[in-house]
Number of protein chains: 2
Amino acid sequence: MLLRKGESGTFDAQLENARRTAKRIAGLIERGYRVIITHGNGPQVGSILIQQEKGRDEVPAMPLDVCVAESQGEIGYMLQRALRAELIKRGINRPVATIVTQVRVDETDEAFKNPTKPIGPFYSKQEAGKLSRQTGSLFKEDAGRGYRRVVPSPRPKEIVEKDAISRMIKGGVIVIASGGGGIPVVKRRNMFWGVEAVIDKDLAAAVLAEDVKADMLIILTDIKAVFLNYRKGRGCEMELRKTTPEDAARYLKEGHFAPGSMGPKVQAAIDFALKGGKTIITSPKYLEDAMKGDAGTLIE
Amino acid sequence: MLLRKGESGTFDAQLENARRTAKRIAGLIERGYRVIITHGNGPQVGSILIQQEKGRDEVPAMPLDVCVAESQGEIGYMLQRALRAELIKRGINRPVATIVTQVRVDETDEAFKNPTKPIGPFYSKQEAGKLSRQTGSLFKEDAGRGYRRVVPSPRPKEIVEKDAISRMIKGGVIVIASGGGGIPVVKRRNMFWGVEAVIDKDLAAAVLAEDVKADMLIILTDIKAVFLNYRKGRGCEMELRKTTPEDAARYLKEGHFAPGSMGPKVQAAIDFALKGGKTIITSPKYLEDAMKGDAGTLIE
């Protein structure tokens with residue numbers, strides 16, 4: 001995560017966050033782990049979408065899949081620069097590379113019938129109507145705060161560049177991939193086509209982990225572990241140290257995890273566990289302890 | 001090249017050009033060549049820069065190095081999608097991947113003392129003055145057409161991700177790298193830092209070819225070969241089929257090749273020849289003939 005809510009989103013602020021995260025990841029690499037890094041892109045692609053609109057009178061606005069590709073370049077650059085610097089500081093000479101990543105989704109995914117994922121800025125009803133006519137995009141009222149573009153969020157099915165990523169890992173490269181959940185593409189007549197959609201980054205990470213046959217998926221977030229009855233008071237809240245995919249699915253169904261927040265992270269862990277992988281959910285600060293089983297949540 | 005002068009720059013126009021180029025490159029891959037692809041980004045980074053300005057009141061504008069990284073994501077995505085589709089059509093199942101690429105330049109490069117490379121849109125004198133105060137960028141009057149931002153264009157020294165690229169090539173991956181001449185970075189205290197500059201894509205390609213120990217550098221352009229006395233009339237114009245770096249350097253000095261156009265391409269060929277590599281300069285249409293020595297210009 002390169003930006004937290006309320007942060008300004010300047011380049012310097014993002015790079016500072018990239019440096020902090022790079023320290024934690026470098027610690028894993030130092031201990032011998034072969035690492036693939038993935039990341040979100042919400043604030044960055046939000047900015048790129050605003051820039052597309054503002055520049056529309058002078059230069060052609062790019063479709064959403066291209067904006068995701070741009071954000072992968074942007075964030076990948078910052079992460080690879082920060083991580084490489086941190087590794088060199090520790091005397092580790094390992095190549096780090098960002099790979100532009102497409103993720104295949106199904107055209108028949110139910111999400112395409114009912115776009116629900118809000119992206120980009122808020123508009124007035126009038127502006128939204130005008131943009132909708134100009135671009136064909138769908139806009140919906142968002143919790144009384146105005147109108148926002150909504151796009152489908154289909155389930156990720158396959159990392160298109162999985163072979164390239166596997167070969168890079170085998171070659172000793174530390175890979176940054178599938179940024180922002182990946183560029184959403186569908187397969188038609190044996191070819192890939194970009195679609196107006198966004199893919200959940202955690203679910204895409206689980207597919208990536210499966211596609212490259214990773215042993216472990218680590219999901220870093222703001223809180224140190226998965227909680228039941230989160231924020232329902234001291235006596236009620238319960239930190240999960242270790243759980244099974246079956247139990248996690250039950251907790252998810254019972255509504256313990258917020259949709260769009262802890263929900264997809266737990267779902268990603270369940271998906272990966274059902275393919276035989278284990279997942280740790282924790283915050284960067286507790287990563288080291290979580291690897292020893294002393295913090296975070298392990299789902300397997 | 002994904003855009004020619006006067007083309008609209010919409011996504012569809014760019015993708016169509018990417019598909020045409022992909023056909024030629026797929027031909028090389030089919031004949032067994034291991035290929036690294038590089039490309040320019042002038043029109044694309046120009047659009048991104050305009051979008052940064054237009055969106056500045058709402059979201060932080062990113063520095064030039066980040067804009068180059070964004071353009072690498074954008075163009076890389078189009079190229080890898082187009083090339084992969086073309087390969088699958090030919091029954092070739094090879095991974096294609098774009099790698100976000102930094103290129104090291106020297107802080108002591110003379111170019112930093114005298115920025116000369118115009119980038120982005122034209123401004124009035126008043127607008128340029130205001131932007132200059134806001135951003136610290138330098139603006140210069142450009143051939144009576146208005147004011148444009150000028151940045152240094154230092155010589156590329158090293159592809160930062162060369163090890164990752166070499167390992168990918170060894171692993172059978174077709175790599176798209178060093179787009180737009182690469183993201184310009186300098187080394188300070190053993191760490192890389194982004195700089196406000198652009199690197200010539202042809203010179204960067206020569207460094208990439210050297211860094212990965214390529215046998216051949218192919219520079220695809222709009223005209224079928226290098227000419228002496230280009231456009232100086234039928235009897236005067238002379239197509240070069242084969243030349244040495246020494247002769248090419250003499251022709252360059254004599255002013256046969258336009259700066260910013262054929263000049264840097266010939267310079268790139270000279271640079272690479274001095275490291276023992278051979279270069280072909282031709283247009284996509286004549287590529288196949290040029291590989292047999294029947295068209296284009298070979299410099300070695």
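**Exercise 1.** Through which surface do the copies meet?

*Solution.* The model is predicted. Take the interface residues of chain A and look for them in the interface of chain B: 100% of them are also interface residues in chain B, so the copies meet through the same surface.

**Exercise 2.** Find the rotation and the shift that superpose chain A on chain B, and state what relation this is.

*Solution.* Chain A is superposed on chain B by a rotation of 180 degrees, with a shift of 0.0 Å along the axis and an RMSD of 0.0 Å. This is the relation of a two-fold axis.

**Exercise 3.** Describe how helices H2(B) and H3(B) pack.

*Solution.* Step 1. Two packed helices are described by the angle between their axes and the distance between the axes.

Step 2. In chain B, H2 covers residues 42-55 and H3 covers residues 64-89; they pack at about 125 degrees, and their axes are 9 Å apart.

Step 3. Angles of 65 to 115 degrees count as roughly perpendicular and those over 145 as roughly antiparallel. H2(B) and H3(B) are therefore oblique to each other.

Step 4. H2(B) and H3(B) cross in a right-handed sense. On the H2(B) side, the contact includes Val45(B), Ile48(B) and Leu49(B); on the H3(B) side, it includes Leu64(B), Cys67(B) and Glu70(B). Sorted by type, the residues of this contact are seven nonpolar, three polar and two charged.

**Exercise 4.** Which domains make up chain A, and how far apart are the C-alpha centres of domain 1 and domain 2 of chain A?

*Solution.* Chain A is divided into domain 1 (1-107 + 156-210), domain 2 (115-151) and domain 3 (215-300). The C-alpha centres of domain 1 and domain 2 of chain A are 26 Å apart. Between these two domains of chain A, nine residues of domain 1 are in contact with eleven residues of domain 2.

Conventions. Residues numbered from 1 in each chain as written. Chains lettered and ligands numbered in written order. Predicted model: local features only at pLDDT ≥ 70, side-chain atom pairs only at ≥ 80, totals over all residues. Heavy atoms only, no water. Axes fitted to C-alpha atoms, helices over the stretch in contact; angles between N-to-C directions. Helix = DSSP H or I, 4+ residues; strand = E, 2+ residues; numbered from the N terminus. Parallel < 35°, antiparallel > 145°, perpendicular 65-115°, else oblique. Left-handed = near helix turned anticlockwise from the far one by under 90°. Contact = heavy atoms within 4.5 Å. Nonpolar A, V, L, I, M, F, W, Y, C, P; charged D, E, K, R; others polar. Least-squares fit on C-alpha atoms with pLDDT ≥ 70 in both. Domains from an automatic or database assignment.
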